[in-house]
Amino acid sequence: MADLINVIENWLNKLLLGWGASPGLTQFILQALGSVLVVLICFMIVIALIWVERKLAGRIQDRFGPNRAGPFGIFQSFADIIKIFTKEYITPQGADKVTFNIAPVLAIASVLAIWAVFPFASNVIGADVNVGVLYIVAIGSFGILAILMAGWSSNNRYALLGASRSVAMLISYEIPMVVSLLIPVLLAHSMKLSAIIDTQRPWWFILVVPTAALIFLISSMAEIGKAPFDLLEAESELVAGYHTEYSGMKFGMFYVAEFLHQFTVGALITIFFLGGWTGPMAAHWPILGVIYFFGKAFLVYLVISWIRLSLPRIRIDEMLNLNWKFLIPVSFINLIGVAVADRILLDLEPPRWLYVAVMFVLNMLILLVALYLSGKSQPALEVEEFPHRPVAVSPRTEKSSS
Amino acid sequence: MNFSILIFLFVAVLTTFAALVVVTNKNLVSAAMWLIVALFGAALTFVLLEATYIAVVQVVVYIGAIAVLIVFTIMLTRRSAEKEPSGATKQWPIAAVLSLALFSGLTYFYLTVPGTDRLAPVLDKELNMVSALGQLLVSPSGYVLPFELASVLLLAALIGSIVVAWRK
Amino acid sequence: MIPLAWYLIFAAAVFSIGLYGVLARKNIVAILMSIELMLTAININLIAFWRYSLDQGLAGQVFTIIVFAVSASEVAVGLALVISIYRRFKEISAEDINLLKW
């Protein structure tokens, strides 16, 4: 029972071999089944997440959220899906048809392909490639491509503007994201995701390098492209950004890709900074590891939703300043600091808790100094003092004042 | 094994076709899209050659950075591309003859010179290629000098491109 | 299995196509794209020679990484030049920019 997934896999393996399938074919069928399963789980999660997100948004904005379809509006997403399937597919005139239709597929594939390397539990790993971290970065770049293709092929100025904005943002925010991803790689001495999780056994990396975790959170929130970084689809300026011209399920694919991307970022933060599947009893009961993994990812997802529902959209110059003048310098200094400290501590061989404490203090120091300096270098806001003007003045007071 | 030959042929034909479209297509943005296909084909070739690290870096650098930059530049300079179809120059027959001559010469050379019909040796499975590569890049007995030169080059390109593109 | 010559011929084909593009295209961005094709062909050659060589060194991969750096900086500077030229001439066709032509 403890190792449910592998038990099922072994049973299927024996069954197929018993039916006379060759070992190669059996392997192929099992791998295909596994990938289909992961994709299906991802879509199921998205359906649930959309409902959770809308409920949460409703609560935060002091309204109910969906509450008509089923108890607590649980079936709202299903109703939306049925509606979206009945919509007409519109391809705008002058659009590049092939590119226009490939873009949504690429958008969702670029998110789903990241799940191929995730370790869900100690022995449930999709593909434990030894360049896992780099693979995640590489696949992420296809998402940028999808946005660019969608924006260009729509033959719409708004879509093109949204796409060029988003590409400028995504490319620049990829730098702090990748640099802060280097820190877990540095600490684990490996780019393998399973090795990174193994290194976090007693102490999660969020305790060792909190600054890197924070920078990763901020920059990957920008990569998702939702509020406060949703300049790429600022409704008042750009209609809907790069997917203005999409309708029906093609739009649905972008929508699902967006939600899934947010959950994927939660899973990435779980793997790199929150210890992945580790937790009490997870090593002996792999099924618990899967539950821990998804639970942590869901928690991070909720935190991201909370942040994005609380903050207003930032301006484009603020967005660029935040990245180039704060995140990139801090992430590089943090990387150098952690590398030097790790090297020094490697020779001293302190107990693990002392190592963690030193790293934590160093990270917080870098973050606090950076915050202090950036606060100091900011030109003081010129707040214009307006005289107090009451909205409605009764004629009697008007007379007495004059 | 026939399967790998099939995959190789598919990748090679796809990449060559994509490259042909890149150099002949009048529409610059479609040319850039086909360039991405060609670069991805090269990444697949690296996977076939069991250089996974290089394949992933190829995707990150070429598709994630270079191709996106190129498409971005095409969009920024769109008016010029729209004004007149940016086709080939007048001397394109000479260019075609030259490159065909180069290709046929190289092919003849590869098919006649001894040693090119050899098959790939079996790779050492125990070797951790990524960390070996990393060690080699920064060890003084390895390739630290070219590595440092490449980083200086990147820095120079960074500063240079900012200076060149600066709006005065 | 695939003999070495196949990879080399494949790379030669991509390189020749790139060469044609550099010589025959008008648009500067198209020329840059063709240069990218040529560099990719070189990378395929380097990796193929690394894979088929009998000693266990990694020199081919190391130089591929250096080619990556070179092509990245080439594209960065090249595209900056394209944008700067476009601002001045409103034109990025290599034939029409002939201030230095005598």
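Q: What do the buried residues of α12(A) pack against?
A: This is a predicted model. In it, the buried residues of α12(A) pack against α2 (23-60), β1 (119-121), α9 (210-224) and α11 (248-273) of chain A.

Q: Which residues of α12(A) are buried?
A: They are Gly289(A), Tyr292(A), Phe293(A), Lys296(A), Ala297(A), Val300(A), Tyr301(A), Ile304(A) and Ser305(A).

Q: How far apart are the end C-alpha atoms of helix α12 of chain A, and what span should its residues give?
A: The helix covers residues 286-310 of chain A, and at 1.5 Å a residue its 25 residues should span 36 Å. The end C-alpha atoms are 36 Å apart, so the two agree.

Q: Now the chains. Which pair shares the most contacts?
A: Chains B and C, out of 2 pairs of chains in contact. Chain A and chain C do not touch, and their nearest C-alpha atoms are 14 Å apart.

Q: How many residues are in contact between chains B and C?
A: 74 residues of chain B are in contact with 66 residues of chain C. On the chain B side, α1 (2-24), α2, α3, α4, α5 (92-112), α6 (129-138) and α7 each supply at least two residues. The largest share, 11 residues, comes from α5(B). By class, the side of chain B that touches chain C has 54 nonpolar, 15 polar and 5 charged residues.

Q: And how many residues does the contact of chain B with chain A take?
A: That contact takes 17 residues from chain B and 18 from chain A. Helices α2 (28-48) and α3 (52-76) of chain B each supply at least two residues of the chain B side, and α3(B) gives the largest share, 12 residues. The side of chain B that touches chain A has 14 nonpolar residues, 3 polar ones and no charged ones.

Q: What about the largest nonpolar core, which residues have the most contacts inside it?
A: Ala32(B), Ala67(B) and Ile70(B), in a core of 172 residues. The largest share of this core, 18 residues, comes from α3(B).

Q: What does Ala32(B) touch?
A: Leaving out residues up to four places away in sequence, Ala32(B) touches Ala67(B), Ile70(B), Val71(B), Ile74(B) and Met33(C).

Q: Where in chain B is confidence lowest, and where highest?
A: Confidence is lowest in helix α4 (residues 78-83) of chain B, at a mean of 58, and highest in helix α7 (residues 144-165) of chain B, at 89. Chain B averages a pLDDT of 83, with 90% of the residues scoring at least 70. Where pLDDT is low, the predicted coordinates should not be read in detail.

Note on methods. Residues are numbered from 1 along each chain as its sequence is written. Chains are lettered from A and ligands numbered from 1 in the order in which they are written. This is a predicted model: local features need pLDDT of at least 70, side-chain atom pairs count only at pLDDT 80 or more; totals for chains, interfaces and linings use all residues. Two residues are in contact if their C-beta atoms, placed from the backbone, lie within 7 Å. Helices (H or I, at least four residues) and strands (E, at least two) are DSSP runs, numbered from the N terminus. Ala, Val, Leu, Ile, Met, Phe, Trp, Tyr, Cys and Pro count as nonpolar, Asp, Glu, Lys and Arg as charged, and the others, Gly among them, as polar. pLDDT is the predictor's confidence in each residue, from 0 to 100. A nonpolar core is a set of buried Ala, Val, Leu, Ile, Met, Phe, Trp, Tyr and Cys residues joined through C-beta atoms within 7 Å. A residue is buried if 20 or more other C-beta atoms lie within 10 Å of its own, exposed if 12 or fewer, and partly exposed in between; C-beta atoms are placed from the backbone. The expected span of a helix is 1.5 Å times one less than its number of residues.
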